[in-house]
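The sequence and structure are shown below.

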Amino acid sequence: MSSAARRRSRSCLPALLFTATVLVAGCGGAADGSTGEHDHSAGAPAVVEAPEDEYAGLDLTEPYRRPSFTLTDTTGAPYDFEAATGGEPTLLFFGYTNCPDICPTTMADVAVALRGLEPELAEQVQVVFVTTDPATDTPEVLGEYLDRFDADLPTSFVGLTGDQAAIDKAQLAAGVPQAEDNGRLHSTLLLLYGADDAAHVAFDAGNTARDIADDLRVVAGG
């Protein structure tokens, strides 16, 4: 069964809002058009699913560049996402710790996926969770939250927060719809970047831990 057939409704972001945001125009590539991927910092992704599935997750018709932004990690130190994760397989998700459904489910799926990988492969993967509710999610709160998921894993999840302007810029740089309602309405996309610093695949609420594991083997193992 294809990933498109497995997709279910997105509870954190209503279908109508998701459709409206992902169809926003304004994705900008390099000025000379020489790269094969696009920098989506000018707007939300234009198209999510490719015509032909190559991945278990959602094939991206135009790969997203690994974004550049700096926020604060759970130790209170600055964290330069591009510099810290560049060239490494990286999962990036925007959510908040009090989320009742999509966020804990996504993080749990990531944890299950990593447990199913060979340890030497799993330890290569960077997992970054950026809060959409910086007023509540302090570094300490983020650290305690992510510890619930990564305690027995060979890689530690990174939690990032900052002021609202910085969070907004990070979402814009990643090309996901900006969160609304104090961060409660947020994108459900989990982006997977590879060694080429581009995301060719993403996951949403319709994907499973097995989908994530399968695509991590392709991206990290390739």
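At what angle do helix 4 and helix 8 pack, and how far apart are their axes? This is a predicted model in which local features need pLDDT of at least 70 and side-chain atom pairs pLDDT 80 or more, while totals for chains, interfaces and linings use all residues. Residues are numbered from 1 along each chain as its sequence is written, and side-chain values use heavy atoms, without hydrogens and water.

Helix 4 (residues 102–115) packs against helix 8 (residues 209–221) at about 50°, and the axes lie 8 Å apart. Helices here are DSSP runs (H or I, at least four residues), numbered from the N terminus; axes are lines fitted to C-alpha atoms over the stretch in contact, with angles from 0 to 180 degrees between N-to-C directions. Helix 4 is therefore oblique to helix 8, oblique being what remains after under 35 degrees (roughly parallel), over 145 (roughly antiparallel) and 65 to 115 (roughly perpendicular).

On the helix 4 side, the contact (heavy atoms within 4.5 Å) comprises Asp109, Val110, Val112, Ala113 and Leu114. Helix 8 contributes Ala209, Ile212, Ala213 and Leu216.

The structure contains zero disulfides, a disulfide being a pair of cysteine sulfur atoms within 2.5 Å. The sulfur of cysteine 99 has its closest cysteine sulfur in cysteine 103, at 3.3 Å, which is too far for a bond.

| Residue | Relative accessible area | Class |
|---|---|---|
| Cysteine 99 | 5% | buried |
| Cysteine 103 | 0% | buried |

Key: Buried means under 20% relative accessible area, exposed over 50%, partly exposed in between (1.4 Å probe, protein chains only). Helices (H or I, at least four residues) and strands (E, at least two) are DSSP runs, numbered from the N terminus.
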